[in-house]
Amino acid sequence: MFGILAPSVIGFILQEWFIQMPENITAISGSCIVIPCTFSFPAKYKTEVNTSVALWTRGKVGGPAVLQSDTSPASGFEGEIVGDFKNKNCTTVFTELPLGFSEPLLFRVEGPSDLKYTYAKELFISFQRERPPRPVLSLSPSGGLRPGKTLTVTCRASAPCPSLLPEVRLELEMDQSQQSSVQVHSEQGVMFVMANLSFTVMARHYGQNVTCEAIYPGKYGAKSHGVESQTLNILYGPHNTRVTMSRPSPVPVGALVTLRCLSEANPPVNTYNWYAGITSGQRTLRASGQELALMATGADRGLYSCEAISPWGEQKSAVVALEVEDGSEGQQCSMVPYVFCGVLACLYVLTIVVDVYKYKRLTVSIFSCFVFVLFYPHTDACNFPFLWW
């Protein structure tokens, strides 16, 4: 009878035929791509492997070879297996791939006798021809930050071709003085270029962008750019708190004046309080809300300030003085037009009276002359002065 193999036995058999390489790699147009690769095989083939051939096939197990260690590559492919095959290193450099190539690649070993094996693990290459992959930008700690804390920004760009490493630039908007450090490291055989930037967070950094740019050189001098950016979210309490007035002081009695409280905070201010009083030391709570509307009276004279409150703190504004014009002065000024109109009316009436008086005297004199001539026709009555007074 056949027994069931123990899991440890199955694992041992699988470990005899084993390959270590990435499953996915992104290539850059005009550059090369390095595939880090190591493999193992059963001990009985140890001597035969020295005369064996390494090759990469496309599509599936048994597919056509595209690159092998003893012959020229297939049409559309350029590269070389650069690893020390005798030491089980199958690292390969591809310098050219066909346009639109998207099939998986599989590694295969062929010896002169029984050593013929294709490793089942597939490698997928995504070839960027229009633009390079975007770098990865990360913030530590992530999320909202308080002023005074240290923020570390890291930008990581893949480097598929070690001979053409990308230039990585990390910049903070409006603060070009910050310098980043750059280093190269490897993860599972894949190389990366990293830039790090650490600085102390301040309220002025709120809303600024931090940008990472990876510049990839090409084989023929051409360059391609990959860019990634994030907006900084800084949490800070109210600052730059101030009061504005809808009209300048002094304000006439009965006029509408609106005081508005302005403040900058993230998250935004959620409570506004107004304080008023005759002196700075005697101000009391007058109202709440971002605006304070007043129909100016003498009682509204005094000093005003506002207080802005958010979940991260509070701040009071500077004091502003509200002056209201004296009511009696206003009444005196308001009577001037009426007095002027009254004087004009009196002058007009006086003119009419004088004209009427003159007209009545002329009429009486003419009538008297007419009567005198009627009764005394031979007399020159119109020459008598008493008739014309």
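## Basis and overall make-up

This is a predicted model, in which local features need pLDDT of at least 70 and side-chain atom pairs count only at pLDDT 80 or more, while totals for chains, interfaces and linings use all residues. Residues are numbered from 1 along each chain as its sequence is written, and side-chain values use heavy atoms, without hydrogens and water.

The protein has two helices and 26 strands (DSSP runs numbered from the N terminus: H or I of at least four residues, E of at least two). Of its 389 residues, 35% are buried (under 20% relative accessible area, 1.4 Å probe, protein chains only). Among contacts (heavy atoms within 4.5 Å) between residues at least 6 apart in sequence, 60% join residues at least 24 apart.

## Strand 24

Strand 24 (residues 302-310) is largely enclosed by the rest of the structure, because eight of its nine residues are buried.

Pairing requires at least two DSSP bridges between two strands. Strand 21 (residues 271-277) runs antiparallel to strand 24, with seven bridges; here Y272 has A308 as its bridge partner. Strand 26 (residues 320-322) pairs with strand 24 in the antiparallel sense over three bridges, and G302 is partnered by L322. Strand 25 (residues 313-316) is also antiparallel to strand 24, over four bridges. A hairpin of two residues joins strands 24 and 25, and S310 stands opposite G313.

## T241

T241 lies in strand 19 (residues 236-245) and counts as buried because its relative accessibility is 10%. Beyond four places in sequence, its contacts include C306, A308 and Q315. The side chains of T241 and Q315 form a polar contact of 2.7 Å (N or O atoms within 3.5 Å, one able to donate a hydrogen and the other to accept it; residues adjacent in sequence count only if both atoms are side-chain atoms).

Definitions and conventions
Buried means under 20% relative accessible area, exposed over 50%, partly exposed in between (1.4 Å probe, protein chains only).
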